[in-house]
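Biologist: I would like to go through the charged pairs and the helices of this protein with you. Could you take my questions one at a time?

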Amino acid sequence: MMEEGAYGGGKAGAPFDPLAFVQRPQVILRAVTWFFSIIVFGCISSQGWTKDAKGKETCLYNGDSNACNYGVGISVIAFMASIGFIVGEYLFEQMSSVKTRKRYVMGDMGFSALWAFLYFIGFCYLTNQWSNADDPPGGYGVNNMQAAITFSFFAIFPWAAAAYLAFLRYKQGADQAFAPSYEADPTNMGGYNSYPDATDPDGGYSQPPFGGQPAQPQTGMENVADMGNMGYQSQA
C-alpha cells in the first residue's frame with residue numbers, strides 16, 4: 001500500500017502504479033465527465049441546427065442559437081478540462097511542494113463546483129427551450145436534442161462528486177498542517193514529555209546529582225568518644 005503524503009496524495013517520487021492510478025476515484029470521475037461532455041457537444045453539433053425556409057441555420061432549441069452555443073461551449077471546455085485533470089492526477093504524485101499540491105486541489109475544487117453549477121443551468125436552459133420548440137420536420141434531431149438534455153443532467157453529479165473529493169483533500173491537508181508534532185505517550189499516565197525525544201527511564205523524580213547524603217544516626221560508643229574529645233579540648 002502506498003504511503004500517504006500531503007493532501008491525500010502519495011509520497012513524491014514513489015513509483016507509478018498504472019492499475020492503482022486508473023482505479024483512483026478522481027480519475028474515474030474525470031473519465032465519466034469526459035465521456036458525458038463528448039455526448040452533449042456531439043449531439044448538438046451534429047443535429048442541433050437546421051435550415052429554415054430562407055436557408056438560414058436555426059437551432060432546434062426553439063430557434064435560440066444561444067442555447068445551442070451554451071451546450072456546446074460548456075461541453076467543449078469540460079472535455080478539455082477532464083483531460084487536463086487526468087494529467088494533473090498523474091502529476092499530483094510528482095509534486096514535492098506542499099504549496100503546489102494545495103493550489104492544484106483548490107483549483108480542482110473550484111472548477112469542478114463551478115462546472116456542476118453550469119451544467120445545472122444548462123440542463124434547465126435546454127429543457128425550457130426544448131419544451132417551447134416546435135417539432136422539427138420529419139423528427140430531425142429529436143433524439144440528439146433529448147440526449148443532450150439528459151446527459152447535461154447526468155454530468156452534474158460527477159462534477160459535484162469531483163468537487164467534494166477535492167474538498168476532502170483540502171480538508172485533510174489543512175488538518176495535517178495544524179497537527180501537533182508530537183503524540184501522547186501511552187506509558188506516561190496521560191501526560192506529555194517536556195521534549196518529544198526526552199525519556200525518563202526511572203519513570204519519576206530523581207535526586208539531584210550533587211545532593212548530599214542524609215545523616216546517619218550515631219551509636220552509643222560514638223557518642224562517648226565525642227564527649228571525651230570535648231572534655232580534653234576544654235582542659236587544654
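Predicted model: local features only at pLDDT ≥ 70, side-chain atom pairs only at ≥ 80, totals over all residues.

Biologist: Which residue forms a salt bridge with D108?

Modeller: D108 pairs with R30, and their closest N and O atoms are 2.2 Å apart. A salt bridge here is a side-chain nitrogen of Lys or Arg within 4 Å of a carboxyl oxygen of Asp or Glu. The pair links distant parts of the chain: D108 lies in helix α4 (residues 98-132) and R30 in helix α2, 78 residues apart. Helices are DSSP runs of H or I with at least four residues, numbered from the N terminus.

Biologist: Are D108 and R30 buried or exposed?

Modeller: Both D108 and R30 are buried, a term that means under 20% relative accessible area with a 1.4 Å probe, protein chains only.

Biologist: How many salt bridges does a search of the whole structure find?

Modeller: The search finds 3. One of them joins the side chains of E89 and R169, at 3.0 Å from N to O. That pair also links distant parts of the chain, with E89 in helix α3 and R169 in helix α5 (residues 142-177), 80 residues apart.

Biologist: Which residues are joined with E89 into one network?

Modeller: R24 and R169 are joined with E89 through salt bridges that share partners. The side chains of E89 and R24 meet at 3.3 Å, N to O. R24 sits in the loop between α1 (18-22) and α2, 65 residues from E89.

Biologist: Why does E89 count as buried?

Modeller: E89 counts as buried because its relative accessibility is 2%. R24 counts as buried at 15%, and R169 is buried with a relative accessible area of 6%.

Biologist: Turning to α3, what is its span?

Modeller: Helix α3 (residues 65-92) has 28 residues and reaches 39 Å from its first C-alpha to its last, close to the expected 40 Å. The expected span is 1.5 Å times one less than the number of residues. Buried residues of α3 include G71, I74, A78, F85 and F92.

Biologist: And what about α2?

Modeller: Helix α2 (residues 25-47) has 23 residues and spans 34 Å between its end C-alphas, close to the 33 Å expected. Among its buried residues are V27, L29, F36 and I44.

Notes. Residues numbered from 1 in each chain as written. Heavy atoms only, no water. Helix = DSSP H or I, 4+ residues; strand = E, 2+ residues; numbered from the N terminus. Buried < 20%, exposed > 50% of the residue type's maximum accessible area, 1.4 Å probe, protein only.
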